[in-house]
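Subject: Structure for your review

Dear colleague,

Please find the structure below, followed by an account of what was found in it. I would be grateful if you could read the two side by side.

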Number of protein chains: 2
Amino acid sequence: MITLLHHAFCPHSRYIRLALGEYGLECELMEERVWERDEEFLALNPAGTTPVMMLDGEPPIPGADVIAEYLDETHGLERTSRRLMPATATERAEVRRLVSWFNDKFYNEVSGPLVTERVYKRFMSAEQGGGAPSTDVMRAARANLRYHLAYIGWLARTRNFLAGDRLTYADLAAAAHLSAIDYLGDVPWNEDEAAKAWYVRIKSRPSFRPLLNEWLAGLPAPAHYIDLDF
Amino acid sequence: MITLLHHAFCPHSRYIRLALGEYGLECELMEERVWERDEEFLALNPAGTTPVMMLDGEPPIPGADVIAEYLDETHGLERTSRRLMPATATERAEVRRLVSWFNDKFYNEVSGPLVTERVYKRFMSAEQGGGAPSTDVMRAARANLRYHLAYIGWLARTRNFLAGDRLTYADLAAAAHLSAIDYLGDVPWNEDEAAKAWYVRIKSRPSFRPLLNEWLAGLPAPAHYIDLDF
């Protein structure tokens with residue numbers, strides 16, 4: 001039994017949900033609002049971040065990168081052709097480079113600010129940092145997104161999947177972060193056809209469906225969000 | 001032949017130098033000043049960060065976490081008792097959790113701001129963000145350091161090494177970040193005896209010696225920096 005402490009719009013949580021889905025592992029989702037700094041949650045992950053994966057009889061496994069490596073070691077290796085990591089150390093280094101690109105750099109520059117301003121702040125009290133979204137922060141994040149989208153497009157034109165021939169964690173991480181801000185209508189898809197075509201392929205996978213069913217009261221997704229061929 | 005593009009006071013570069021030292025791998029060091037945004041360097045690592053590891057006939061391997069996993073796969077596995085990762089997936093998850101704690105959280109809250117303000121800014125032009133260090137930023141980082149030091153002390157009192165019985169990447173990452181700011185005299189060692197005793201053990205390892213020989217013109221280290229029994 002796997003339980004994932006997550007938030008529906010946390011890009012790192014979405015990444016792990018995609019990975020679990022690709023490996024055919026069911027999990028029970030429990031929403032965690034990290035800004036509430038719940039003490040029981042902090043005991044599971046002192047860093048105070050989502051996702052955290054809970055397995056029967058095991059200590060909590062916190063953090064998207066830690067969970068992904070754990071899943072690779074405990075489920076990926078045996079799946080050979082459907083493993084989300086390539087076969088050689090050099091190719092795995094490229095996957096990890098890109099996963100870090102999205103989970104760290106893209107998150108800091110784009111998806112973190114946009115999700116915080118437009119989603120999390122709705123749920124935060126004033127003391128927790130809630131309130132109206134900062135237009136300055138959103139403008140900067142949207143400007144950063146344009147060069148990131150061009151980079152994804154460049155990768156998608158050069159390779160079959162972002163890190164090489166096969167689907168890997170790199171595709172899932174990138175698509176997870178994009179999906180969270182695509183719900184907000186923030187991705188200028190018309191700026192890069194190759195990036196869009198790659199995203200449509202990832203979005204069409206069955207593992208993606210649960211993400212497309214998430215919705216936020218009072219903030220409907222744009223029409224193309226759930227459209228698999230937008 | 002290994003070449004490491006690094007900076008002497010970049011904590012992530014220090015972490016990889018320790019790992020290479022523990023594995024007995026010699027490397028040639030080439031200083032990289034990331035704030036100059038050199039185009040040749042950005043072609044090796046578009047994220048623009050140090051360290052980057054170069055191996056003959058291989059693509060560049062950028063980023064401390066990516067390099068550490070690569071070294072584990074290519075050199076650690078065969079070393080069994082001296083491997084810097086434990087044997088089980090659950091134990092490795094704990095190592096990776098702590099490595100991320102230091103490479104991401106400690107860096108963002110403590111070592112990054114202190115090294116940037118006190119070291120990098122000396123070399124930056126005004127356009128690159130150089131100038132006098134910000135006392136506000138330094139004060140906040142030093143305040144954060146105190147709770148991090150208490151956490152290290154708690155780990156050191158609970159376990160033989162930070163992640164368990166044996167020396168792992170977690171100890172090297174923690175010690176690397178601490179060493180960079182210890183040069184600056186910023187660590188209040190007298191606040192936590194257990195943290196200090198653990199650090200003295202790591203600092204006494206031969207892999208640490210090259211770090212203790214680094215120095216910065218115009219900014220001498222405090223006397224205890226090179227003292228193995230301070």
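Leaving out residues up to four places away in sequence, H7(B) touches S13(B), E31(B), E32(B), W35(B), T50(B), V119(B) and Y120(B), where contact means heavy atoms within 4.5 Å. This is a predicted model, in which local features need pLDDT of at least 70 and side-chain atom pairs count only at pLDDT 80 or more, while totals for chains, interfaces and linings use all residues; side-chain values use heavy atoms, with hydrogens and water left out. Residues are numbered from 1 along each chain as its sequence is written, and chains are lettered from A and ligands numbered from 1 in the order in which they are written.

H7(B) is placed in the loop between β1 (2–6) and α1 of chain B. Helices (H or I, at least four residues) and strands (E, at least two) are DSSP runs, numbered from the N terminus. With a relative accessible area of 3%, H7(B) is buried; buried means under 20% relative accessible area, exposed over 50% and partly exposed in between, for a 1.4 Å probe and protein chains only. One of its contacts, E31(B), is 24 residues from H7(B) in sequence, yet their C-alpha atoms are 5.2 Å apart.

S111(B) belongs to helix α4 (residues 89–123) of chain B. Apart from neighbours within four places in sequence, S111(B) is in contact with P11(B), F106(B), H177(B) and I181(B).

Two helix pairs in chain B may interest you. The axes of helix α1 (residues 11–22) and helix α3 (residues 64–76) of chain B come within 9 Å and cross at roughly 10°. Axes are lines fitted to C-alpha atoms, for helices over the stretch in contact, and angles run from 0 to 180 degrees between N-to-C directions. α1(B) and α3(B) are therefore roughly parallel; angles under 35 degrees count as roughly parallel, over 145 as roughly antiparallel, 65 to 115 as roughly perpendicular and the rest as oblique. On the α1(B) side the contact is made by H12(B), Y15(B), I16(B), A19(B) and L20(B), and on the α3(B) side by A64(B), D65(B), I67(B), A68(B) and L71(B). These residues divide into eight nonpolar, one polar and one charged. Here Ala, Val, Leu, Ile, Met, Phe, Trp, Tyr, Cys and Pro count as nonpolar, Asp, Glu, Lys and Arg as charged, and the others, Gly among them, as polar.

Helix α6 (residues 169–182) and helix α7 (residues 193–203) of chain B pack at about 95°, with their axes 10 Å apart, and are therefore roughly perpendicular. The residues of this contact comprise six nonpolar, one polar and three charged. In α6(B), 14 of the 14 residues are buried, so the helix is largely enclosed by the rest of the structure.

In chain A, the buried residues of helix α5(A) include M138(A), L145(A), H148(A) and Y151(A). Among the elements covering the buried residues of α5(A) are α4 (89–123), α6 (169–182) and α7 (193–203) of chain A.

How are the two chains related? Chain A can be laid on chain B by a turn of 180° and a shift of 0.0 Å along the axis, with an RMSD of 0.0 Å; copies are superposed by least squares on the C-alpha atoms of residues with pLDDT of at least 70 in both. That is the relation of a two-fold axis. In chain A, the C-alpha nearest the axis is that of D104(A), 4.5 Å from it. The copies meet through the same surface, because 100% of the interface residues of chain A are also interface residues in chain B.

Yours sincerely
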